Every structure is written in structure tokens, then in C-alpha cells.
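Subject: Structure handover

Hello,

Here is the structure I promised to pass on. Please open it alongside this message.

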Amino acid sequence: MKDPYNIKEQIKAYFHFSKSEQRGIIILMVLIVFFLVLPRMYKAFFYKERIVDYTEFETEILAFKKGKQRNLDSVEAAKPDWQQTKKAFPEREKKDNERAYELFSFDPNTVELEELLKLGVKSKTAQTLLRYREKGGKFRKTDDLQKIYGLSGKTFKRLEPYISIEQEKAKAPKKTEKLQVVDNAEDSPVDRKPPPPVTIKINQATVEEWQRLYGVGPAFANRIVKFRDALGGFFSIEQISEVYGLPDSTFESIKPQLIIEEKHKVILDLNTADLMSLKKHPYLRWKQANAIIKYREQHGAFVAVDDIRKIGAIDEGTFDKVAPYLTVVVDNEEEK
């Protein structure tokens, strides 16, 4: 009987292999030796080193380099002739470098995109100028135009003599007209009374009537009427200053001639107005109009106009401006 605690017996049992296991180990060792020797046998008996001739390829590379160098030499050789041409025809070089543009008098507070492009202002710079105006920016003096990002000093110097700002004109000293001396005392300008000032009812005046005011041309007159119609009428004379492009100086000069007697129209019922009607109003943006519709859908009909103060998209400034144009009809009673 074998002693299970005999270490020698345990080692001998561990390394004991049957005949089938011994044959398997021998075959495995033979295969390992075979695959280790196989690459060397293949290289010794079957592989033949391929000799590649790179002479032709190197010749082509050399020819290419020589040809490139000849082209560079020819360009360098032609440079003196080009310099001679520039000296002989300086006006041609100047004409080629200049952009086609047209110079004319313009007011940066009212000039349009097409006019800026004609003046030679780059499209991107022109768009920057228009965005500056849309955000409420005003050009009060000629040098203010240099604030526009992208407008080069060269372009400003070219345009400077043609910049005409209404505010600067208003501040400029007016030339006194010489009184015409006449023999007839009754027709003397000294005795003649000035014509009565023109007054405008801002909620009734036509385009032609607006043009009777000093500084208001056809463009401004049309803008004022369109702005008034879009609002539903003016409830304050100060709203005229919001007309796009109208200089502050022009508004202050015509303000004493403006009167408001007629009541503006309330055109928007918060409980019936749709999204299109709300967003068309000059004082409401699409986001604010959409917020009003969503609030109405979630909370039901508005009880009073003040309810829109609860909407996050409606700030106090917007509410103060748009509230006079809003109404709420509840049970056949109108709340304003």
C-alpha cells in the first residue's frame, strides 16, 4: 500500500504518463520543431530575392526637378519685364487695384444696403452698419461712422466728404437771408408776417400732409403712415420717434407741430387673436406672441390685460408699449 504522505511517491505519480500520453507529447514536440524550422527551410530552398532596378525612376525624378527649376528660373527672369510694365503703365495698375464704386451724398442713418454697396462698402460691413441701426444705434456726427467694425480707414476717408447727417445740419449755423428792399412799404418783408406753422394730426394725416413738415421727405412720410397703420394708431406723440431711421433732431424739430386728438384703435383681443395677428404687431416678437397663445391654451381665457405680466417672455417695457393696443372681452364686457 502506497503512503499518501510520501512526497517522492506524489512526485512520481504527478509525472507519470501513460503510453498514449507519451505518444501525444512526442508528436506535439515534433510539430513545434517543424514549424520553427519551416521558415528557414523555405528561405533556403524556395525564396529568391527579387532585384529591383530603380535607375529609371531616379532618372525621372531628376528630370522633374530640373524642369521645375527651369520654370522657376523663367519666372524670375520675367520679373524685371513686369516691373518695367508697372513703371510704364502706372495708371493701369491703379485701375486694376481699385474696386468699381460710385460716390454720392448719403446719410448713414437712412442709407440702404444697395446704396452702401454702390459706395464701395463691403457687403459684410454694410450688414454690420444696418444691424447697428436696427438695434437703435444713431450716427450723430461724421466720425461716428468709424465705429462700424470692418470699415477701413481708407474707405472712411473716401466717404467722409460725402457723409451728410441731418443732426449735424440742424446744429450748423443757418445762413441769414438778405432782405429784399422794395419801394412799396406794404410789400416789405419786414412788415410781412411769417406764415402760420403747419400742424399735423398724427392719427389722420396722409403721406402728403406729413411731407409738409421740415425734414420729412417721401420715405419718412411713408414709414410713419405704415408704422401707424401697423400699430392701429398712435396713443402718444413720442411714438413718432420710433419710426425707423427718423433722426432725433428731426423729431425734436417737428414735435411742436404734432397734435393727437383721435383715439387709437384697440385691434387685439387677447382671447380671440391668433398667432399671426399677434406677431404682426410692431411691439410683439414671434416668441412673445407664441408665449401669449401657449399661456391662453394652458390657463384658459384672460380676465384682464394685466394677466400677460405673468408671462415670462413679456417684460415691463414691452407691456407698457403694447398694453394700450390690447383688450380682453369677458361676458360681453371689455376689460382694458
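Below is what turned up, grouped by topic. Please keep in mind that this is a predicted model.

Start with the second largest pocket. It holds about 250 Å³ of space. Its lining is made of 13 residues. Closest to the pocket centre are Arg-133, Gly-136, Lys-138, Tyr-244 and Gly-245. By class, six of the lining residues are charged, five are polar and two are nonpolar.

Then the cavities. The structure has two of 30 Å³ or more. What lines the largest cavity? The residues are Phe-106, Leu-116, Val-121, Thr-125, Leu-129, Leu-145, Ile-148, Leu-151 and Leu-159. Eight of the cavity-lining residues are nonpolar and one is polar. None is charged.

Nonpolar surface

A nonpolar patch covers about 980 Å² of the surface. Its members are Leu-28, Ile-32, Val-33, Leu-36, Val-37, Met-41, Tyr-42, Phe-45 and Phe-46. Phe-45 belongs to helix 2, which runs over residues 19-45. Is Phe-45 buried or exposed? Its relative accessible area is 65%, so Phe-45 is exposed; the cut-off for that class is over 50%.

Salt bridges

How many salt bridges does a search of the whole structure find? It finds nine.

- Glu-238 and Lys-255: their side chains meet in a salt bridge at 2.5 Å, N to O. Glu-238 sits in the loop between helix 10 (218-231) and helix 11 (248-254). Lys-255 sits in the loop between helix 11 and strand 2 (258-259). The pair therefore ties together parts that are 17 residues apart in sequence. Glu-238 is partly exposed, at 37% relative accessible area. Lys-255 is also partly exposed, at 30%.

- Lys-310 and Asp-307: the side chains of this pair form a salt bridge at 4.0 Å, N to O. Lys-310 is exposed, with 59% relative accessible area. Asp-307 has 15% relative accessibility, so Asp-307 counts as buried; the limit for buried is under 20%.

- Glu-316 and Arg-309: the salt bridge between these side chains spans 2.7 Å, N to O. Glu-316 is partly exposed, with a relative accessible area of 44%. Arg-309 is partly exposed too, at 39%.

A contact across the sequence

Where is Thr-318 found? It is in helix 14, residues 316-322. Thr-318 has a relative accessibility of 10%, so Thr-318 counts as buried. Now turn to Leu-284. Thr-318 and Leu-284 are 34 residues apart along the chain. Their C-alpha atoms are separated by 7.5 Å.

In brief

For your own pass through the model, these are the places to begin. Go to Arg-133, Gly-136, Lys-138, Tyr-244 and Gly-245 for the centre of the second largest pocket. Go to Phe-45 for an exposed residue that is one of the members of the nonpolar patch. Go to Glu-238 and Lys-255 for a salt bridge that links two loops. Go to Thr-318 for a buried residue in helix 14.

Best wishes

Definitions and conventions:
Residues are numbered from 1 along each chain as its sequence is written. This is a predicted model: local features need pLDDT of at least 70, side-chain atom pairs count only at pLDDT 80 or more; totals for chains, interfaces and linings use all residues. Side-chain values use heavy atoms; hydrogens and water are left out. On a 1 Å grid over the protein atoms alone, a cavity is a set of points where a 1.4 Å probe fits but cannot get out, and a pocket is an open set with protein on both sides within 12 Å along at least five of seven lines; lining residues have an atom within 4 Å of a point. Grid points are joined across faces, edges and corners, and a volume is the space filled by probe spheres set on the points. Ala, Val, Leu, Ile, Met, Phe, Trp, Tyr, Cys and Pro count as nonpolar, Asp, Glu, Lys and Arg as charged, and the others, Gly among them, as polar. Patches are made of residues with over 30% relative accessible area and no salt bridge: like charges are joined within 9 Å, nonpolar side chains (Val, Leu, Ile, Met, Phe, Trp, Tyr) within 5 Å. Accessible areas come from the Shrake-Rupley method with a 1.4 Å probe; for residues, only the protein chains shown count as cover. Helices (H or I, at least four residues) and strands (E, at least two) are DSSP runs, numbered from the N terminus. Buried means under 20% relative accessible area, exposed over 50%, partly exposed in between (1.4 Å probe, protein chains only).
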